[in-house]
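Subject: Structure for you to look at

Dear colleague,

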Amino acid sequence: MAIAGPLERAIMEALWDAQKPLLIRELMEKVNAGSAKRSAYTTVQTVADRLVQKGFLSRTADRNAWRYAPTRSREDHVAQVMAEALAETTDRGPVLARFAETIDPQDAHRLLMELAQRSAPTESRS
């Protein structure tokens, strides 16, 4: 499942960048930094709680507050979104071909290397 709204994305990006669990106060500061539209404490808390319910975040008690953290890495999340998008089509060949045409040549090379490593035969043990 993709992250839907702009505030959800901002919260996730802030937590991924922080690389540690944050209190709502800390999260709100990061989300509002450089933002034209500032979000209120209660708004950030409500959206963070919804992300917990959706499984994107976990929360742990810290005195009278909660600390929020992503349940998976940014890379794992993006890979899952890509796999889910690919799963929505029955004929994946054209989609994969179009994707290959749109990515940067360096990214294409990296993908080829990863696929070659994945498909390489494993050595059998005697």
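This is a predicted model: local features need pLDDT of at least 70, side-chain atom pairs count only at pLDDT 80 or more; totals for chains, interfaces and linings use all residues.

Residues are numbered from 1 along each chain as its sequence is written, and side-chain values use heavy atoms, with hydrogens and water left out.

Helices and strands are named here from DSSP runs numbered from the N terminus, a helix being H or I over at least four residues and a strand being E over at least two. The strands form an open sheet of 3 strands in the order β1-β3-β2, with antiparallel pairing, and β1 and β2 are its edge strands, since each of them pairs on one side only. Two strands are said to pair if DSSP finds at least two bridges between them. Strand β1 (residues 22-23) is joined to strand β3 (residues 65-70) over 2 bridges in the antiparallel sense, and within this pairing Leu22 stands opposite Tyr68. Strand β2 (residues 57-62) also runs antiparallel to β3, here over 6 bridges, and Asp62 has Ala65 of β3 as its bridge partner.

The strands β2 and β3 form a hairpin with 2 residues between them. As a background point, most residues other than glycine have a negative phi. Arg63 counts as exposed because its relative accessibility is 81%, where exposed means over 50% relative accessible area, buried under 20% and partly exposed in between, with a 1.4 Å probe and protein chains only. Gln19, in the loop between α1 (6-18) and β1, also has a positive phi, of about 55°, although it is not a glycine. Gln19 is exposed as well, with a relative accessibility of 71%.

Is Asn32 buried or exposed? Asn32, which lies in helix α2 (residues 24-32), counts as buried because its relative accessibility is 3%. Its side chain reaches the backbone nitrogen of Ser39 at 2.7 Å, and when neighbours within four places in sequence are left aside, Asn32 is in contact with Lys37, Arg38 and Ser39. Contact here means heavy atoms within 4.5 Å.

Tyr41 belongs to helix α3 (residues 41-53) and is partly exposed, at 36% relative accessibility. With neighbours within four places in sequence again left aside, Tyr41 is in contact with Ile24, Arg25 and Met28. The C-alpha atoms of Tyr41 and Met28 are 6.4 Å apart, although the two residues are 13 residues apart in sequence.

Which helices supply the lining of the largest pocket? At least two residues each come from α4 (74-87), α5 (92-102) and α6 (105-119), and α4 gives the most, with 7 residues. A pocket, found on a 1 Å grid over the protein atoms alone, is an open set of points where a 1.4 Å probe fits, with protein on both sides within 12 Å along at least five of seven lines, and lining residues have an atom within 4 Å of a point. The largest pocket has a volume of about 630 Å³, a volume being the space filled by probe spheres set on the points, which are joined across faces, edges and corners. Its lining has 17 residues, of which Val78, Ala79, Met82, Phe99 and Leu111 lie nearest the centre.

By class, this lining holds 13 nonpolar, no polar and 4 charged residues, where Ala, Val, Leu, Ile, Met, Phe, Trp, Tyr, Cys and Pro count as nonpolar, Asp, Glu, Lys and Arg as charged, and the others, Gly among them, as polar. Leu111, found in helix α6, is partly exposed, with a relative accessible area of 37%. Not counting residues up to four places away in sequence, Leu111 touches Phe99 and Ile103.

With best wishes

Technical notes: A polar contact is a pair of N or O atoms within 3.5 Å; within protein, one must be able to donate a hydrogen and the other to accept it, and residues adjacent in sequence count only if both atoms are side-chain atoms.
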